[in-house]
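I opened my notebook to look up how charged side chains pair up here. Here is what I jotted down, in the order I went.

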Amino acid sequence: MADPSPNAHFPRKVLIAFAALIGFFLVLVTAAVLTGYNPSQLPPSPAVFSRDLRFTDRPDGTTLVQDATDGTTVAVLPVGGEGFVRGVLRTTSRGRRNASVPPETPFRLARLTDGRLNLTDLGTQRVIELRSFGPANDAAFAVFLGSKAAIATAPGAPAVKTDATH
């Protein structure tokens, strides 16, 4: 068997084709990034129930969860408990500080028609899809909606109607 010639070169047309292909994909990725295209993002679904909530840290280390419309206490998170809820609040607090959002600005917790649960920071308009963190973490926020609205609504099911819908 003969050894390939040391003077043999890789075919120029193949190199040009690979370069063109790489350039084409770079243009596609750049266009996707600049336009905000995200194929994994689900289209927005309308809310069947929502509740505006205020989270206030108290001097004793607990966190008070209140309905922002009437001031009623929804829950008191104990010191060291509800780690996921506290983690989400810590994460959003930096964005709020950077945007100079007053701490009393509420969050909107919404159950969507497809059963997903979203938390929207009404000060920064940041939306957090809670289901993406798993069902247990989704349920940690669902209790703040109350018994009827906390139940996931199946797609195509009639919307839950309440006075607190926004």
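Predicted model: local features only at pLDDT ≥ 70, side-chain atom pairs only at ≥ 80, totals over all residues.

I began with Arg 116, which is buried at a relative accessible area of 7% (buried means under 20%, exposed over 50%, partly exposed in between, with a 1.4 Å probe and protein chains only).

Residues are numbered from 1 along each chain as its sequence is written, and side-chain values use heavy atoms, with hydrogens and water left out.

Which residues does Arg 116 form a salt bridge with? I found Asp 114, with the closest N and O atoms 2.6 Å apart, and Glu 129, at 2.8 Å. A salt bridge here is a side-chain nitrogen of Lys or Arg within 4 Å of a carboxyl oxygen of Asp or Glu. Arg 116 sits in the loop between strand 4 (107-112) and strand 5 (117-121) and Glu 129 in strand 6 (residues 127-129), so this pair ties together parts 13 residues apart in sequence. Strands are DSSP E runs of at least two residues, numbered from the N terminus. Asp 114 is partly exposed at 25% relative accessibility, and so is Glu 129 at 24%. I wrote the three down as a network of salt bridges.

Next I looked up Arg 51, which forms a salt bridge with Asp 67, the closest N and O atoms being 2.8 Å apart. Arg 51 is in strand 1 (residues 47-57) and Asp 67 in strand 2 (residues 63-67), so parts 16 residues apart in sequence are tied together. Arg 51 is buried at 17%, and Asp 67 is buried at 6%.

Last, I searched the whole structure and noted six salt bridges.

How values were computed:
Helix = DSSP H or I, 4+ residues; strand = E, 2+ residues; numbered from the N terminus.
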